Amino acid sequence: MDFQNRAGGKTGGGGVASAADAGVDRRERLRQLALETIDLQKDPYFMRNHLGSYLAHTQGKKHQSNLARRAAKEAQEQPFLPAPAQPKVELRKFVKIGRPGYKVTRERDPATGQQALLFQIDYPEIAEGVQPRHRFMSAYEQKIQPPDKRWQYLLFAAEPYETIGFKIPSREVDKSEKFWTMWNKDTKQFFLQVAFRVDARINDNEVPPAPPPVMNAPMPPPPMFVHY
């Protein structure tokens, strides 16, 4: 049969589809759309042999409101499940027993003139399993003295002792092997050496004087520095 010369036909495009063919094509497109946007396996209103009426029904506002009401009802009927209990972390509390003993020694590298400070903190009554800690604090973090950008603070802490701090110049710290810490478990002494990078603009007056010494002798510093 010649479909190209029929009324309404287009050369090379075949014949005009009949109403039945157009209906079949439309239902197939609607079915594919429904499969992409709707979970048909869980929808109680779906009937496989009435896809056209199903789509017309599910696109209505009444159907959408019924689905929302049904979801809210199911959520209310769900049994209340309490949140799982979080594991409790027991905080260790200590009664402060005062400040530890300490000694600060000024050091200098005879070859380069680099300055350093050696701290020795004594913790004879330190709590079991506790290791001393330290950290640097800027002048703007502390609330005891008016902030001065020329200085920073070095803090030492170990329970049950009070935290102590030292005011040191706000200079760049040399983080090479010249910066080291050591905790001697036998003598209960904590050592920290902090060296400052060489700066020709800095003079000896900006290094704070050493506090009064304590009874125990400090560990010898590395050979690159000498006391002065």
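Me: Which residue in β8 is the bridge partner of L117?
Reply: It's V194. Keep in mind that this is a predicted model.

Me: And what makes β2 and β8 a pair?
Reply: At least two bridges are needed for two strands to pair. Seven bridges join β2 to β8, so they count as paired. The two strands run antiparallel.

Me: How do you know that β6 and β8 pair?
Reply: The cut-off is at least two bridges, and β6 and β8 have two, so they qualify. Their sense is antiparallel, and D174 stands opposite A195 in β8.

Me: How many bridges join β7 to β8?
Reply: Five, and here too the strands run antiparallel. T181 has L192 in β8 as its bridge partner. β7 and β8 also form a hairpin with four residues between them, and K188 in that turn has a positive phi of about 60°.

Me: Why is β8 called mostly covered?
Reply: Buried means under 20% relative accessible area, and eight of the eight residues in β8 (189-196) are buried. For the whole protein of 228 residues, 29% count as buried.

Me: Which residues of β8 are buried on each side?
Reply: On one side they're Q189, F191, Q193 and A195, and on the other F190, L192, V194 and F196.

Me: Why does Q114 count as buried?
Reply: Its relative accessibility is 4%. The limit for buried is under 20%, so Q114 falls inside it. Q114 is found in the loop between β1 (101-108) and β2 (115-122).

Me: Is S176 buried, exposed or partly exposed, and how do you know?
Reply: Partly exposed: its relative accessible area is 29%, which lies between the 20% and 50% limits. S176 is found in the loop between β6 (173-174) and β7 (180-184). A polar contact of 2.9 Å joins its side chain to that of D174.

Me: How far apart are S176 and A195?
Reply: They're 19 residues apart in sequence and 8.9 Å apart in space, C-alpha to C-alpha.

Me: What is the strand order in the open sheet of three strands?
Reply: The order is β3-β4-β5, with antiparallel pairing. β3 (133-138) and β5 are the edges, each with a single partner strand, so one side of each has no neighbour in the sheet. From one strand to the next, the twist averages 25°.

Me: Which residues lie nearest the centre of the largest pocket?
Reply: I144, Y153, I164, G165 and F166, out of 14 lining residues. The space in this pocket is about 410 Å³. β5 gives the most to the lining, with four residues. By class, the lining has seven nonpolar, four polar and three charged residues.

How values were computed
Residues are numbered from 1 along each chain as its sequence is written. This is a predicted model: local features need pLDDT of at least 70, side-chain atom pairs count only at pLDDT 80 or more; totals for chains, interfaces and linings use all residues. Side-chain values use heavy atoms; hydrogens and water are left out. Axes are lines fitted to C-alpha atoms, for helices over the stretch in contact, and angles run from 0 to 180 degrees between N-to-C directions. On a 1 Å grid over the protein atoms alone, a cavity is a set of points where a 1.4 Å probe fits but cannot get out, and a pocket is an open set with protein on both sides within 12 Å along at least five of seven lines; lining residues have an atom within 4 Å of a point. Grid points are joined across faces, edges and corners, and a volume is the space filled by probe spheres set on the points. Ala, Val, Leu, Ile, Met, Phe, Trp, Tyr, Cys and Pro count as nonpolar, Asp, Glu, Lys and Arg as charged, and the others, Gly among them, as polar. Buried means under 20% relative accessible area, exposed over 50%, partly exposed in between (1.4 Å probe, protein chains only). A polar contact is a pair of N or O atoms within 3.5 Å; within protein, one must be able to donate a hydrogen and the other to accept it, and residues adjacent in sequence count only if both atoms are side-chain atoms.
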